[in-house]
Amino acid sequence: ITVLQIVKESQQQHGLRHGDFQRYRGYCSRRLRRLRKTLNFKMGNRHKFTGKKVTEEILSDNRYLLLILMDAERAWSYAMQLKQEANTEPRKRFHLLSRLRKAVKHAEELERLCESNRVDAKTKLEAQAYMAYLTGMLRFEHQEWKAAMEAFNKCKTIYEKLANAFTEEQAVLYNQRVEEISPNIRYCAYNIGDQSAMNELMQMRLRSGGTEGLLAEKLEALITQTRAKQAATMSEVEWRGRTVPVKIDKVRIFLLGLADNEAAIVQAENEETKERLFESLLSECRDAIQAVREDLKPDQKQREHSLENDSGKVSNIQYLHSYLTYIKLSTAIRRNESMAKSLQKALLQQQRSEEDGKRTARPQDLIRLYDIILQNLVELTQLPGLEEDKNFQKEIGLKTLVYKAYRCFFIAQSYVLVKKWSEALVLYERVLKYARQVQSGAGAYTNSLKELPDVQDLITQVNAEKYSLQAAAILDANDTQETESPSQVKDGKPLSERFETFCLDPSLVSKQVSLVHFPPGFQPIPCKPLFFDLALNHVAFPPLEDKVEQKAKSGLTGYIKGIFGFKS
């Protein structure tokens, strides 16, 4: 069996793609039950447990080896689940170590069974590497660095040999496992005493944009510990000609790691890694600002008093807060600018993206990013302690003009898409105005504007776009005149009312054809007549006295005669 391939496929398909170890553990339990049922290798019945062991004599089916492998994977996944829970419940660490020992025990049994003559050489090597990997993880958790490094090195050596012995497609899996365990080896080497391993660990962390897996928490703690030792010697920071004491440990650690984080962002291999590094840096900066803000609250009255006595000069803690806020806003601007560059590349490939059926980038997305950048620049000009710094205000003003120019450019592009030629042309002229202002005022601030987009490239692009816009406007005007010729203009009447005139109407072959007015309009109709009997009051009815008297004579006698049949 191919141990590593089976393990990786099972993990990726059943929860570990999202770090759900509990789901993967449930999958291992269900697969074990299915295997035992298929092989008729049940551990007794519902009333009594009868233990069975896989021996070399019954290795006629490779599924018996899968039984041991799934036992080891189930124990390992439970250990990793407990490792996540141990962050909040430290007592679960003992259960974690117990499960790892159980996984190593199953891996040893798998290695022993694979020594049989019925197993091929590749499976034997994979079983040895799997057992060395789990042993290294157990020793790593016990902080037995030398034993852990030996186990990881053995695992790495076996997988490297397997990668060289097979095709490139099969070697990819082995090389991935080698990359996974390399940081663990360097971490063990550092704890043994190899100081050069720390730099390699930092580079591995920065290349990946963060840490994952077994090493994550330990490496972060190690980096924080190393920076804390360095921070003990750091007492002040200088910014814009003013030296400020730094007494807060969290701020010291952040400032020491700032250069490394910025270097990692520059060296990032792709946009996704760069985005993760930006977010990590912003998160650390927010934590440092919060720590300074907590010190600002009890010192607020003293700051107000010092402002009055020092003629507006802010206190050291307030100036440090402004410095950290400047770092946060500058980082946010760089992140949004990086995202804007990615969107500009997507705009250039827009036609191909439309063919692929993907969502295309729009100029409106870029406008939103530049709006955020301009808002950040406004906040920079309002930082306490920098209101009187004319050089700083001038520098921010030039940066604002650069980003305003790019914002106007993409607003113009959005108007071009809806064929509003005059509005787009006016905005292009505004772009050129901003760009010329930047060029005229950037003499002494050339170094500070190096990181910004080049306005000269923007001027060249705008001039080209203006000529394209004028040509498109002329062609669109000609098309409009053709479509508005007398033989093609509709007067809005339905087809039933213009039979006598010929008119080219493309809507007649569409789904929204206009044949008649529907629903039809209301038309007046005569009302139903009302009849009034006006002659009733002028009619004289005949007298009825003689008939009333005859009826009165009949009375009781007539009633009796009627009963006995006598008739009058």
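**Reading a predicted helical model**

Just past the end of helix 1, Gly-15 adopts a positive phi of about 115°.

Q: Which residues of helix 1 (residues 3-13) are buried?
A: Start with the general idea: an α-helix has 3.6 residues a turn, so residues three or four places apart point the same way. In this predicted model, the buried residues of helix 1 are Val-3, Leu-4, Ile-6, Val-7, Lys-8, Ser-10 and Gln-11.

Q: What do the buried residues of helix 1 pack against?
A: Their partners are helix 2 (21-39), helix 3 (63-85), helix 5 (121-141), helix 6 (145-165) and helix 7 (168-192).

Q: How should I read a buried charge, and which side chain of opposite charge is nearest to Glu-337?
A: A salt bridge needs a side-chain nitrogen of Lys or Arg within 4 Å of a carboxyl oxygen of Asp or Glu. Glu-337, in helix 13 (residues 316-348), is buried yet has no salt bridge, with Lys-341 the nearest side chain of opposite charge at 4.1 Å. Beyond four places in sequence, Glu-337 touches Ile-373, Tyr-403, Glu-451, Leu-452 and Pro-453.

Q: Is Val-509 buried or exposed?
A: Exposed means over 50% relative accessible area. Val-509 has 77%, so Val-509 is exposed. Val-509 sits in the loop between helix 18 (455-483) and helix 19 (545-564). Together with Leu-508, Val-513, Leu-515, Val-516 and Phe-518, Val-509 makes a nonpolar surface patch of about 610 Å².

Note on methods: Residues numbered from 1 in each chain as written. Predicted model: local features only at pLDDT ≥ 70, side-chain atom pairs only at ≥ 80, totals over all residues. Heavy atoms only, no water. Buried < 20%, exposed > 50% of the residue type's maximum accessible area, 1.4 Å probe, protein only. Helix = DSSP H or I, 4+ residues; strand = E, 2+ residues; numbered from the N terminus. Contact = heavy atoms within 4.5 Å. Patch = residues over 30% accessible without salt bridge, like charges linked within 9 Å, V, L, I, M, F, W, Y side chains within 5 Å. Areas by Shrake-Rupley, 256 points an atom, 1.4 Å probe, with all protein chains shown as cover. Lys, Arg positive; Asp, Glu negative; His and termini not counted.
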